[in-house]
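Student: I would like to go through this model chain by chain. Can we start with the contacts between chains?

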Number of protein chains: 4
Amino acid sequence: MAGSTMGTIFRITTWGETHGKGVGVVVDGCPAGLALCEEDIQKYLNRRKPGQSKFTTKRNEGDEVEILSGVFEGKTTGTPISMVVFNKDQKSRDYSAIKDIYRPGHADFTFDSKYGFRDYRGGGRSSGRETIARVAAGAIAAKILEEMGISVYAYAKSIGPVSVAEERFSKEERDNNKLYMPDVVAAKEAERFLEECMEKQDSAGGVVECVISGMPAGIGEPVFDKLSALLGQGILSIGAVKGFEIGDGFGVANSLGSSNNDAFCNKDGKTAKKTNHSGGILGGMSDGSDIVFRAAFKPTPSIASPQNTVDRDGNETEIAIHGRHDPIIVPRAVVVVETMASCILLDRLLVNMTSRLDRIKEFYKEK
Amino acid sequence: MAGSTMGTIFRITTWGETHGKGVGVVVDGCPAGLALCEEDIQKYLNRRKPGQSKFTTKRNEGDEVEILSGVFEGKTTGTPISMVVFNKDQKSRDYSAIKDIYRPGHADFTFDSKYGFRDYRGGGRSSGRETIARVAAGAIAAKILEEMGISVYAYAKSIGPVSVAEERFSKEERDNNKLYMPDVVAAKEAERFLEECMEKQDSAGGVVECVISGMPAGIGEPVFDKLSALLGQGILSIGAVKGFEIGDGFGVANSLGSSNNDAFCNKDGKTAKKTNHSGGILGGMSDGSDIVFRAAFKPTPSIASPQNTVDRDGNETEIAIHGRHDPIIVPRAVVVVETMASCILLDRLLVNMTSRLDRIKEFYKEK
Amino acid sequence: MAGSTMGTIFRITTWGETHGKGVGVVVDGCPAGLALCEEDIQKYLNRRKPGQSKFTTKRNEGDEVEILSGVFEGKTTGTPISMVVFNKDQKSRDYSAIKDIYRPGHADFTFDSKYGFRDYRGGGRSSGRETIARVAAGAIAAKILEEMGISVYAYAKSIGPVSVAEERFSKEERDNNKLYMPDVVAAKEAERFLEECMEKQDSAGGVVECVISGMPAGIGEPVFDKLSALLGQGILSIGAVKGFEIGDGFGVANSLGSSNNDAFCNKDGKTAKKTNHSGGILGGMSDGSDIVFRAAFKPTPSIASPQNTVDRDGNETEIAIHGRHDPIIVPRAVVVVETMASCILLDRLLVNMTSRLDRIKEFYKEK
Amino acid sequence: MAGSTMGTIFRITTWGETHGKGVGVVVDGCPAGLALCEEDIQKYLNRRKPGQSKFTTKRNEGDEVEILSGVFEGKTTGTPISMVVFNKDQKSRDYSAIKDIYRPGHADFTFDSKYGFRDYRGGGRSSGRETIARVAAGAIAAKILEEMGISVYAYAKSIGPVSVAEERFSKEERDNNKLYMPDVVAAKEAERFLEECMEKQDSAGGVVECVISGMPAGIGEPVFDKLSALLGQGILSIGAVKGFEIGDGFGVANSLGSSNNDAFCNKDGKTAKKTNHSGGILGGMSDGSDIVFRAAFKPTPSIASPQNTVDRDGNETEIAIHGRHDPIIVPRAVVVVETMASCILLDRLLVNMTSRLDRIKEFYKEK
C-alpha cells in the first residue's frame, strides 16, 4: 500500500499499530530554522490522549513524544523530523474473542480481505492511536502557521443531538470542558446525554467544526488540488469521518444563487466579502475570509451490547465488545482535525510560493 | 501549480480554458489491450454537453472528442492517451463587463490573488468546461470497470427543494429526463421549480448521489488514501461542490453505535452486511457492499440579477451577469461525478494488485 | 504505466507516437507571468528537427509547435500549458518488414513483453520523436532560467573517436556546424568519420556534455533527490543514453582524495572553489560553481546492414533496416539534454524556495 | 525538502543523522505475507557496518536494527514497516575544529547555503550513516526478489588502479575478503594499495558493479521511468557516486551500431540475446538478460593531510581532518548499491502488474 504519506512539500509519513511497539511519523520538508522541542508537540498530544475524563478510555498511556532527528540546537534543520510515541500499554491480553470474529463497524473484515490476515490486537493500524502520528506532525505545522499569523481552531460543534448555540459560543470555554465544546451549557447537556449512552452500553456521534483565520488569498490550486478538496481528503482520511462540508456545505443544495453568492466589498482598502457562504474558498483557492469546514464523526463502533456478526470462516455468531472504549470519538478528534488541517494549509502555502514568476525572481535576486 | 494531475497508477492530467483553443486530458497508466474508440468517450461527453434542454446553456458546442495517441488498431497500447475537445465557440466577445470586475461566487478574485492576473474570458480554467477533460478520462475508467463487472451510477438526488422519492426511484428513468432524476414525478416538479428560478433571474443547487456496485472487498488503503478520502478529494475538486458524504454521512452525527453499526451475516457463503450505513467502506477499504456517496452542489454563481461587488482597483460597483448560463449545475454534473469516481476506483483497483505477496508471486510465476 | 510525468512543482507530462497524430506535452506548474509565444519554443525545436544536414533523416517534418492552453495575452497564466506538434509525415507505409520482427537494439521485444502488443509503425512511443515533447517543455524552463541569469549550454563533446579539443573550444562555433561541436576542426573530422560510417551502412555513438552557469548554491536535496541524481534520471531517461557522469565522473574511481577534493577559497568576498572536480554539486546540492555533466549515447540502432534476430513467434531470421535514419543520435540530442536539464534545474529552484522558515515568513509578510 | 522518499508502490522514507539519536526508515507498500524478522535485515546491515577491517572506521557501532511496526506474528501485514538503528556512539566530542569550517569535498558549505545552518556534528544528514536506512529497506526488497527467483549481486570491481580480472572472477570470493572483491589476487593487491594510501594520509576511489539475474522482460516504463533512469537516480543518490553506466556504458560512445546492437536469437524456445551490450535494458524496459550497471565512487573526502579552505565568515584557513575515516568508500558501499537496486526493481515489478488489461481481469476474476 502506498498511502501512509500525505503532502507535496510538507510531507508526513506515519506508521504504527495500537498494540505494537509504538506509533510514529516522519515529517519531510519542514522548513529549517523553526524553534522546536518536544513540549511543542506534547501539548497537542495531551489534547487527544486517553484518560482525560470519564468519557475517554482509561488506557494508561502518557503518550510521550520523542524527537529522534531533524532538530539541532533547538531548531529544525530542514532534514526529516522523526517522532515516536512508544506504546506503554502493550501487555499481552486475551484476544481470542476478536481474533477470528469481525467486529461490526470496524475494519477487521476489510483488512482480512485486502491483506489475507491482520494484526488482530485491537484495531492494529486502523486504531484511533494511528492519529497520534497525525497530531505530532500537525503540531509542527500549527506552530509555523501560528508564527505566520494564521490560527486554526477546531471544536465539538455537536454531540449526539446537542449542538453549540451560536449565542453562547465562547472560544476559550472549549478548553474548560473535556468535551471541547465552546458552550458551557451545551457541554453540560452533552455530558448528560453521554452518560445515558454509556448506561445503555451504546455510543454516540457528532460534528467537529474548524475555523481558520488569517490565511492570505490565493492558496490552493484551481483543479484537483483545490484547497477544499485537499482538506476533504485529509479530514475524510481520519477514521470514523463520514461527511465533510465547507462553508454552507449541504445547505447550498437548497439555497439560491442570489443568497448563496457572497457580495464583494472594499474593507479598509482591501477586497473582502460581506458574507461567507463560501467558507473562505472560491474556485479551490482561499478568498481571504475565514475558512470554515465541518466533519461528521460516526459513533464509536465498539459497544458492549451484543451484535450479530460472522467469524473468519463465515459462521454467524454474536459479539459484545468489552473493555475500555470512549462512548464518543468527537472530543479527542478535535485536535486531530486541527492538526490535519494545519498540515494541509502549510503544504499549500509552501507550494503557492512558486506561483508567480516576478516573486520567484525577487526571491532569488536577494539571495 | 502542481495540481492538474490525479491518480497513482491510472493518472490523468487535464488542461484547457473555456475560451482558449480547447480542453484536453492525458491519461497515463491506462492498461494495454482495452478496445477503445472515440464513440466510447463521446457517449459520456454527450451527457454533459450544453444545449440538451432549456436548463442548459445554449452555447453551440458539439464537444467532439479526438483521441491523439495511445490507441493503435482499436486498442489501448499502454502509452499515454491524449484526448482533446477543441472549442468551437471561441468568437471574440466583449469582456469589458467582467474583465476588471470580480463576479461574486466565482474564482476571479482568487485567481488574481494567486497569479497576479487571469484569463478573464469566462471562467478561464475555473469554467465548467474544465470538466470535459475529467469526463473524457473517466469514460475510459468506466469502460474498464464495466468489463470487470463494476457499475457506477450517479443521478440527481435533489434539485432545490425537490428530492427523488425512494418509492418512485427508477434507474432507467434517469436518462429519460434532462435533469437526470430517476423519478418521473420529481423531475417534473423540479422542472417547474427551475422555471421559476429562471424567471426570477436566480439559480438553484442540488445533490448528486452515486452508487457503485460490484466492487470487491479490500480496495483502498487504511490511512491517508482511504477510498472514502480519495473519493472525497476527487468529488470535492469538482467546481461548485461544497459537501461530500458517504453512507449515512452527516446523519451519523446523531445516530447511535447500536444502530449505525452494520451487522455482518453470511449470505450465500460469503460475508455480507445486513444494512449499509457504512456506505460500502469500512476503515477506508471497500467492504463488498454498494458504495454510496453524495455531493452537494451550490447554485450556479452566474445570475442575471444585480449583485454588489468590487473591481480590481477596489472600487465598489454592481454586476449583472447576462448571457447563457445554466440555472443549475447538477444535471450536467451527474456524469462528471460518475466519471471522477470511476477514475479513482480503477486507480485503487490497480494499486490493490500489489497488496499480497502470494498473489504477486502467482502473477509472475505464470508469466 | 505511470511514468510519462516528471517533476515536483514544474511538472511535465508527455504523450505521442512517431506515426500517430502527433506528439505533445502538458506543463503543469509553470509560474504565471512569463512572456511566452510559439517562437520561444520553436527555436529550440528547430535545433532537433530532422533534415538539418546529411546526417539527419530526411523525414519531411516542420515540427511546428502549437500552444493550446495556459497562455493569455502573451503571458503564462499559471495554468497548464498544453503544446502539440502534429505529425505531418503520417503516410501509410508498408510495415510488414518490422511488424512481427524484433529489431536489435530497439524496444520492440520489450514493448511486446510488457504490453502484449505494440504500435509497430516505427518505434511508436520509443521513437526519437518522443523527445519533441521534452524539448518543448524544456524551452519554457530554459527561458525562465535565462531570465534568472542561469545559462544551460550543451554540446557534442565526442562523436565516435573524435573529441572536442579543449584548446580549440569555442562556445559560438557549436551553432555553426550541424554536429553541434564547438570545435571547428573536430567537427570536420567527425563529419568525415560519419561519412565513412554511412558508407559502411553503420552508425556511431558519442558524448554530450552540459555546463550550467549561474546556479545559486544550495539547490537540490540531500538524500534521494540529490541534484545529481535527478539530473541522472532525467538524462538517462533520454532514449539511447547508457551512461551519465558529473564532474570528474568515472575518473574519480582512480583519483585520490587529496587531488579530488576541491579546496575552498574566498573569491570577491564569496566562498568559491579553486577547482571543480565535483562538477558543481556537493552532497547533492549545487555548490555555486559550474555544474558539469556528460551523457554517453549509443549508436543509432537502425542500420542497413543485415542483423540476426527473431520474429514474434520465435523463429530466427534476418533484418536489414532501410529508410531514413540518422547515422548518429548525438547532434540532435544536444538540445534534448539542454532542455531536460533545464526542467530539472527549474523544478529544484522552485522547491528550494520552501527550505528556510525566515524566507517563507518574509515572502508572505510582503504579500 | 521533499526528497527523503523514493518509490511509487514500494516506498521508502528515511531519516536520521550521524550523531543524532539514530537513523531509520519507514517502508510503506511492502506486500503483506512476507516472513520477516530482524535477522533478515541485520545480515545486510552487517555487510556495511564499521569495524570490519583495518580499512573501515573503528567507530564502535553494532548497528542493530529494531523493527517497530508492520510485522505481526513473523509476517509483514501490508502496513508501514518502521525500522530504527539507534546510534550508540553519540558521546559529546569537540567539534570546534569543523563547526565553522567548510571541509573540502563535503556538504558543509552547501548545507549552510540551503538551510542557513547545519548539524555540524560529523556529516549530519549527509553522513555515510544515512545509508543504513537504505540498506534496511532494501534488505526487505531483496528478500522478496530472492523469493521470486531474482538475484541481485554487487561487488567492488575496482579499487584505485586495481581491477577484478574477468578470468579470476569468483562470485563466492567476494565475501571472503573485506574489500568485497570477487578476485582473491586483486583483493590482495588492492589491500596493499590502500595501505599506501593510509600511510600518505590519503584516500582512494573505485567502482562497484551490480548484476541482476532472473528479471522477467518488460519491467520499467518507456519514458521518464525507464528502469535505467530509475536505477540511475537511486544509485546516483548514494553519497560519493559521481558516475553511473549500464551495459557497455560510456564504451558505447566509441562503438558502432553493428557491434553494439545485440542480435536476438531463440534459446530454448524463448527470445534471448546473443550478447549483452545493452546491459539488460532496451527502451527503458528489462529485456530478460542480466541487468548490469556500474557506479563510480569518489575517494573519501575526509583526509588527514592539510587542505585549503574557508570558514563560515569567508576567512581562508587550513583544515586537517583527524579521527576515524575509511580510506575508501567502495567496500561498504557494495551492499548499499545492492539494496538500493533491489528497492527499485521490486517497485517496478509491482507497478508492472497493472500494465495489461487481460492480466488485471484475470487477477480479479479469481479473487
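Tutor: A salt bridge here is a side-chain nitrogen of Lys or Arg within 4 Å of a carboxyl oxygen of Asp or Glu. This is a predicted model, in which local features need pLDDT of at least 70, side-chain atom pairs count only at pLDDT 80 or more, and totals for chains, interfaces and linings use all residues. Residues are numbered from 1 along each chain as its sequence is written, chains are lettered from A and ligands numbered from 1 in the order in which they are written, and side-chain values use heavy atoms, with hydrogens and water left out.

Student: Which residue of chain B forms a salt bridge with C:Glu66?

Tutor: The count between chain C and chain B is 2 salt bridges. In the one at C:Glu66, the closest N and O atoms are 3.4 Å apart. The partner is B:Lys21.

Student: What area is buried between chain C and chain B?

Tutor: Contact means heavy atoms within 4.5 Å. By that rule, 45 residues of chain C touch 45 residues of chain B. Buried area is the accessible area (1.4 Å probe) that two parts lose on being put together, summed over both. Carbon and sulfur atoms give 63% of a total of about 3400 Å².

Student: Which residues of chain C lose the most area to chain B?

Tutor: Three residues lead on that side. Together they make up 19% of what it buries. They are C:Trp15, C:Phe72 and C:Phe117.

Student: How many residue pairs are in polar contact between chain A and chain B?

Tutor: A polar contact is a pair of N or O atoms within 3.5 Å; within protein, one must be able to donate a hydrogen and the other to accept it, and residues adjacent in sequence count only if both atoms are side-chain atoms. Both residues must be at pLDDT 80 or more. The count is 43.

Student: Which element gives the largest share of the side of chain A that touches chain B?

Tutor: Helices (H or I, at least four residues) and strands (E, at least two) are DSSP runs, numbered from the N terminus. The largest share is 7 residues. It comes from H3(A).

Student: Which residue of chain A forms a salt bridge with B:Glu221?

Tutor: Chain A and chain B have 2 salt bridges between them. At B:Glu221, the closest N and O atoms are 3.5 Å apart. The partner is A:Lys114.

Student: What area do chain A and chain B bury between them?

Tutor: Here 106 residues of chain A are in contact with 106 residues of chain B. Carbon and sulfur atoms carry 61% of the buried area. The total is about 8100 Å².

Student: Which strand of chain B is joined to strand E11 of chain A?

Tutor: Two strands pair if DSSP finds at least two bridges between them. Here 3 bridges join the strands, which run antiparallel. A:Gly243 stands opposite B:Glu245. The partner is strand E11 (residues 241–246) of chain B.

Student: Which residue stands opposite A:Glu66?

Tutor: E4(A) pairs with strand E7 (residues 81–86) of chain A over 3 bridges, in the antiparallel sense. The residue facing A:Glu66 lies in E7(A). That is A:Val84.
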